[in-house]
Amino acid sequence: MASLPPLPSVPGTDPSACILDAFRTAIAQRVSDALPPLTLEQAYSGVDYGKKGVDFTVALPRFRLPGKVDELASKVISNFQPDEYVASVTHDKAFLHFQLNTSNLIRGVLHQVYDHTANKPEGKSTYGTNTSGKGKKLVIEYSSPNIAKSFHVGHLRSTIIGAFLANLYKACGWDVVSLNYLGDWGTQFGMIATGFEKYGSQEQLEKDAIKHLYDVYVQVNKDAESDPSVKVQAAGWFRRMEDGDESALVNWRVWRELSVKKYIEEYDRLNVAFDVYTGESDVGKDWQDKALQRLDEMGLISDEKGAKLVNLEKWKLGRAILRKADGTSIYLTRDIGGAIERYEKFNFDKSIYVVSSQQDLHIAQFFKILKLMEFPWADRLEHVNYGLVQGMSTRKGTAVFLDQIIREAQSVMHDQMKRNEEKYNAIEDPETTSREVGITGVKIQDMAAKRINNYTFNWDRMLSFEGDTGPYLQYAHVRLASIGRKNPHLLPLPHPSQLDTSSLDSFSHARDIVFLLGSYPDVVKVAMKTHEPSGVVTFAFRLAHAISSAWEVLIVRGEEDLEKARARMWLYTTARDVLAASMRLLSIRPLERM
Ligand code: ARG
């Protein structure tokens, strides 16, 4: 691309990754030149996205300069000459509104996406990414279901949000280690061991470990209601497990291994993977003991009928048991030891826990305890929480397993697709397609609003093709993907240096799409600050809408002027690359056909 005039560089910006940084710098330069002693950097921090139809807006009062806003505004406006970056400025009360040079905006953005995308394997575009996390290590724990208990919506949300965050940090240059911290330890395993003697079946276990162990657990709990000896027996089992008695551990090992195997398959369907499967069972005794000792020295431990209690009332975090009377460990203590071990093993710069807001107190307690123990890294721990979800049921009843949710998403979607027979028959692999679209629906519903909001699981709404739903998003991508198949005479496109985009300049539809594409690197940065997937979801829908309103106006097939048709084709394929990148960031696999 014929390069744009040089600009001074503003710290924290990178025009080679985000071309809008260059345009913002050009605006800031005008503002700071006109309003001394305002520095370029100060001016830059005041350049915000504009509202409806305005590219960028500067709110003058924020600079706290002497003089009336009208005077300040006229200083900027009076000598204004359009240049390669900025086309116009208008003054509205305390605001200055800037419009960018359309032609250079369009060329600049399309070239930039191309530079980050061309000749890279699918899904490997670096457009939107940045290097802010270079050299830094993130440990992120998410999903973390309990073996032999149900996989509830809380776990599903943790999985979806966690996978997004892991992708996000990678996109920002961090070295990311993802952990699944299984609930694979605790008194309930004594219960299962007890139940397994009576109800266990090797065959069932191998067929579906997750389901079988759950069934055994339900059964033995029923027995325990009428027979108090069951709990005593179970406690004995767990005691032996904690003591490392190999004969008490053999079965447990198999249960864990088979459950993990099944989980790996199911996560794979969700396009989710973990670097490490760890669990409560992995946490060593050492640090748990040391933590107790240290807190005791600080006078924070009291003995209650043999159980050890920590008193965190001073910090409004209540009291909590750290060790049971029979000496066995507890969830909270394992989290303390676990955090320390994570640090020893990974030396992280940040450690994130994606856990439901129902456990806010629990997490605050163990974070506090680690601070009291004066670990210098204790302030690197971060809890990313999220609200409750109601009613994750299937047509057959309440879902208790992840594979039930996946199957339900698929079958509801499948039924829906079947209603349009003609289209349905054209789909190559309706099973896989309906599963992918169904999963997209689940994920989008989950990430569409702020994490902390509660929502009600609703199959009809999330799997509709209308409205801002997962299926709609997949449809938008598929339509973009099909444009190449429908116009083979335009492909492959010539190198961008041979493409003339000037025919796009007069179309506001093209400009709207391009401006959104240009904003994607900022969307990624904002998500990094907020840890919210919803901004990325909103971006994907805005882009999908902008593209959908362009179809009628910017036609490709039927456009006889080849130069024009090619420019439009380039616009759409670029839009597709960025839409796909945003979907992948959300852990969604963009479909080619449906
Ligand atoms: N397994 C726990 C549960 O299902 C979630 C674990 C959350 N992570 C943690 N480090 N405590 O409630």
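## A loop to start with

Select Asn347, in the loop between helix 12 (331-346) and strand 11 (350-354). Helices (H or I, at least four residues) and strands (E, at least two) are DSSP runs, numbered from the N terminus. Asn347 has a positive phi of about 55°, although it isn't a glycine. Most residues other than glycine have a negative phi, and most peptide bonds are trans.

Before moving on, some ground rules. This is a predicted model, where local features need pLDDT of at least 70 and side-chain atom pairs count only at pLDDT 80 or more, while totals for chains, interfaces and linings use all residues. Residues are numbered from 1 along each chain as its sequence is written.

## Two cis prolines

Go to Pro37, in the loop between helix 1 (19-34) and helix 2 (40-45). The Pro36 to Pro37 peptide bond is cis, with omega near 10°. Then jump to Pro492, between helix 18 (470-486) and helix 19 (508-530); the bond from Leu491 to Pro492 is also cis, with omega near -10°.

## The ligand

Show the ligand and its surroundings: Glu141, Ser144, Pro145, Asn146, Tyr181, Gly183, Asp335, Tyr353 and Val355. Each counts as near if its C-beta atom, placed from the backbone, lies within 6 Å of the molecule. The shell has four nonpolar, three polar and two charged residues. Here Ala, Val, Leu, Ile, Met, Phe, Trp, Tyr, Cys and Pro count as nonpolar, Asp, Glu, Lys and Arg as charged, and the others, Gly among them, as polar.

## A crossing of helices

Select helix 9 (residues 229-242) and helix 10 (residues 246-269), which pack at about 95° with their axes 8 Å apart. Axes are lines fitted to C-alpha atoms, for helices over the stretch in contact, and angles run from 0 to 180 degrees between N-to-C directions. Helix 9 and helix 10 are therefore roughly perpendicular (65 to 115 degrees). Trp237, Arg240 and Met241 in helix 9 meet Ala248, Leu249 and Trp252 in helix 10; contact means C-beta atoms, placed from the backbone, within 7 Å. That contact comprises five nonpolar residues, no polar ones and one charged.

Finish at the open antiparallel sheet, with strand order 8-9-10. Strands pair if DSSP finds at least two bridges between them. Strand 8 (301-304) and strand 10 (319-323) are the edges. Four bridges join strand 8 to strand 9 (residues 307-311), and Asp303 stands opposite Lys308. Helix 11 (residues 285-297) lies across strands 8, 9 and 10, at about 105° to strand 8.

Methods
Parallel < 35°, antiparallel > 145°, perpendicular 65-115°, else oblique. Contact = placed C-beta atoms within 7 Å.
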